[in-house]
Amino acid sequence: MDTPLSTIAVVGLGTMGTGIADVLARAGREVIGIDISDTAAARAVAALEASTARAVARERITEEERQDVLARFRTFSDLHAAAEADLVIEVVPESYEAKQEVFRALDGIVRPDAILATGTNALSVTRLAADSAHPERVLGLHFFAPVQAMKLVEVVSSVLTDPRAVDAVTRLAQDLGKEPVAVGDRAGFIADGLLFGYLNQAAAMYEAKYASREDIDAAMKLGCGLPMGPLALLDLIGVDTARTVLEAMYAASHDRLHAPAPILKQLSEAGLTGRKAGRGFYTYAAPGSAEVVRDALTPLTSAEAGTGREIRSVGVAGSGTMASGIAEVFAKAGYAVVLAARSQEKADTAKARIAKSLARSVDKGRMTGEARDATLALITPAGTLDAFADVDLALEAVAEDLEIKQELFARLDKICKPGAVLATTTSSLPVVACARATSRPQDVIGMHFFNPAPAMKLVEIVRTVLTGDDVHATVREVTTRIRKHPVDCGDRAGFIVNALLFPYLNNAIKMVQEHYATLDDIDAAMKLGGGYPMGPFELLDVVGLDVSLAIEQVLHREFRDPGLAPAPLLEHLVAAGCLGRKTGRGFREYARR
């Protein structure tokens with residue numbers, strides 16, 4: 001195990017195996033590709049030929065280097081070709097029986113000091129090791145697709161694994177230009193352990209008809225900066241594969257959040273397994289195609305859905321960052337805005353904040369001085385809500401306290417003219433409770449902007465059971481006019497984004513609490529393996545641990561699922577006053593400003 005891993009066999013030449021073979025051959029390793037299908041082996045060779053030809057065309061390697069890479073990759077149909085390998089990486093289909101058969105056969109073929117690695121992302125590495133003649137040399141080596149681009153490699157140890165084997169494959173991963181993360185043997189490891197619970201909740205959300213597939217995906221891309229929405233990602237991974245992973249996770253955790261949503265079973269058994277089948281949550285132009293085509297479930301466009309009331313002027317209640325950001329957004333779009341606070345001084349301060357924001361945009365060349373002046377001229381600061389008497393849309397962005405909001409809506413009911421739309425920006429409180437504080441609940445709706453409002457494109461449109469159709473159409477149309485992306489959702493805790501985001505964050509905390517992985521490894525895994533712009537602990541410290549705890553508590557109260565109970569570690573940190581960046585300490589410590 002201490003010898004360099006210079007000759008490596010890859011068993012299974014599907015998409016993942018081919019990708020692994022590609023990066024190994026380019027890194028100077030002798031690669032033995034093994035697959036019982038001659039067609040699969042031929043495809044793997046053709047893929048390497050094509051990828052290296054592209055590298056030559058882009059002047060990343062020379063033609064001579066390309067020929068050297070191709071010469072290092074040989075394919076076979078018999079496992080005996082692995083006899084002289086220093087390392088064997090198994091990436092056959094995600095079936096314990098199939099993997100066990102490969103490992104048992106390899107026991108009689110490879111050298112005693114050869115390392116055997118499984119590419120599983122869901123099955124027990126320990127069980128595979130225990131069934132092997134030399135369990136100390138068995139470990140997990142979990143690459144992420146596309147292998148050539150994704151930096152993360154999870155190195156999975158069982159209690160039986162020799163540390164020398166772990167060290168050897170860790171060095172190999174580093175030589176390949178990857179970022180290895182050491183993890184223990186539990187279903188899903190780090191990245192998939194957090195990712196698949198989130199994907200499962202998104203599938204359940206869609207199955208409940210809470211939101212359309214398009215809106216769920218858009219919400220998570222625009223609200224969280226993710227490269228793909230969860231349902232599109234399930235189609236890419238394969239609905240059947242996701243179901244298999246979740247079954248393994250649920251068997252290990254018995255957490256209801258890991259119990260596969262019934263729709264995953266229905267789609268799998270119908271053969272609607274995602275892109276590879278041409279249809280899954282979405283319909284594709286052809287099997288294997290990434291092009292989504294319209295089908296019976298594609299929502300109507302705004303034009304097809306009809307129009308609502310005319311909105312010419314907007315009132316924004318509040319003086320904080322969110323209120324001033326929303327006022328800036330509406331004014332930039334050409335709406336006359338009344339910005340009302342509890343005093344004229346607070347309103348003037350809020351307008352001054354907008355002026356500074358617009359000045360930065362001018363300095364960065366994003367708008368002209370004339371456009372800045374025109375935008376500011378559209379904003380009228382006021383020290384009383386009475387200034388909302390003639391607005392067409394009144395929108396509150398005050399403290400996240402239900403009593404305060406209800407009192408404000410009762411006042412808006414008396415002040416605003418008949419036909420005015422009344423909106424709340426709440427991120428966690430019931431919109432219908434605000435509506436019931438008025439005599440016109442049909443005119444009340446939620447417009448959940450994301451912070452910072454001028455930069456974030458997403459607005460969750462929260463319709464209650466009492467909201468009028470014309471009010472809903474009005475707000476969707478206005479949201480589009482202010483250059484934001486509207487997504488529709490019902491009036492329940494968390495709406496779309498927070499309902500999917502915060503259980504994922506909570507599960508990350510549980511991983512640390514259970515000493516399964518470190519903060520740094522979890523953050524690295526989700527950024528490198530999941531394409532997240534921030535790791536969960538980076539994000540928690542930015543959002544604020546107190547805010548995160550409050551949202552977790554709301555979700556737990558509403559859905560009453562034990563899996564949504566806030567992690568005790570989060571509660572302890574909040575109780576200790578460690579709230580994140582704003583206090584200088586959360587999950588990490590920060591320099592005081």
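Reader: Which residues does T424 touch, leaving out those up to four places away in sequence?

Author: In this predicted model, T424 touches E396, K405, F409, V431, I445, G446 and M447, when residues up to four places away in sequence are not counted.

Reader: Where is T424 found?

Author: T424 belongs to strand β15, which covers residues 421-424.

Reader: Is T424 buried or exposed?

Author: T424 is buried, because its relative accessible area is 0% and buried means under 20%.

Reader: What polar contact does the side chain of T424 make with another side chain?

Author: The partner is the side chain of E396, at 2.4 Å.

Reader: Moving on to E400, where is its place?

Author: E400 sits in the loop between β14 (393-396) and α16 (402-415). With a relative accessible area of 38%, E400 is partly exposed.

Reader: And which residues does E400 touch?

Author: Not counting residues up to four places away in sequence, E400 touches K405, T426, S427, S428 and L429. K405 is also touched by T424.

Reader: How many residues apart in sequence are E400 and S427?

Author: They are 27 residues apart in sequence, and their C-alpha atoms are 8.0 Å apart in space. A polar atom of the E400 side chain lies 3.0 Å from the backbone nitrogen of S427. The side chain of E400 also makes a polar contact with the side chain of S428, at 3.0 Å.

Reader: Changing topic, how many salt bridges does the structure hold?

Author: There are 31 salt bridges in the structure. One of them joins K99 and E90, whose closest N and O atoms are 2.5 Å apart.

Reader: Are K99 and E90 buried or exposed?

Author: Both K99 and E90 are buried. For K99, the relative accessibility is 1%.

Reader: What about K99 and E94, how do their side chains meet?

Author: The side chains of K99 and E94 meet in a salt bridge, with 3.5 Å from N to O. E94 is partly exposed, its relative accessible area being 24%, whereas K99 counts as buried.

Reader: Which parts does the pair R588 and D523 tie together?

Author: The side chains of R588 and D523 form a salt bridge of 2.9 Å, N to O. R588 lies in the segment after α23 (568-575) and D523 in helix α20 (residues 519-530), so the pair ties together parts that are 65 residues apart in sequence. D523 counts as buried, at 3% relative accessibility.

Reader: Which residues do salt bridges that share partners join into one network?

Author: D86, R111 and D113 are joined into one network in that way.

Reader: Now the backbone. Which residues does a cis peptide bond join, with omega about -10°?

Author: That cis bond joins A145 and P146. P146 is in the loop between β6 (138-143) and β7 (152-157). Another cis peptide bond, with omega of about 0°, joins N451 and P452. P452 has its place in the loop between β16 and β17 (458-463).

Reader: What is the phi of F189?

Author: F189 has a positive phi near 55° and is a residue other than glycine. F189 is found in the loop between β8 (179-184) and α7 (191-207), and it is buried, with a relative accessible area of 0%.

Reader: And what phi does F495 have?

Author: F495 is not a glycine either, yet its phi is positive, at about 50°. F495 lies in the loop between β18 (485-490) and α19 and counts as buried at 1% relative accessibility.

Reader: Finally, how many residues line the second largest pocket?

Author: The second largest pocket is lined by 39 residues, and M322, H448, N451, V543 and V547 lie nearest its centre. N451 is also a partner in the cis bond with P452.

Reader: Where does the largest share of the lining come from?

Author: It comes from α19, with five residues. Among the other elements that each supply at least two residues are α8 (213-224), α13 (321-332) and β16 (444-449).

Reader: What does the lining have by class?

Author: The lining of the second largest pocket has 25 nonpolar, 12 polar and two charged residues.

Key
Residues are numbered from 1 along each chain as its sequence is written. This is a predicted model: local features need pLDDT of at least 70, side-chain atom pairs count only at pLDDT 80 or more; totals for chains, interfaces and linings use all residues. Side-chain values use heavy atoms; hydrogens and water are left out. On a 1 Å grid over the protein atoms alone, a cavity is a set of points where a 1.4 Å probe fits but cannot get out, and a pocket is an open set with protein on both sides within 12 Å along at least five of seven lines; lining residues have an atom within 4 Å of a point. Helices (H or I, at least four residues) and strands (E, at least two) are DSSP runs, numbered from the N terminus. Ala, Val, Leu, Ile, Met, Phe, Trp, Tyr, Cys and Pro count as nonpolar, Asp, Glu, Lys and Arg as charged, and the others, Gly among them, as polar. A salt bridge is a side-chain nitrogen of Lys or Arg within 4 Å of a carboxyl oxygen of Asp or Glu. Buried means under 20% relative accessible area, exposed over 50%, partly exposed in between (1.4 Å probe, protein chains only). A polar contact is a pair of N or O atoms within 3.5 Å; within protein, one must be able to donate a hydrogen and the other to accept it, and residues adjacent in sequence count only if both atoms are side-chain atoms. Contact means heavy atoms within 4.5 Å.
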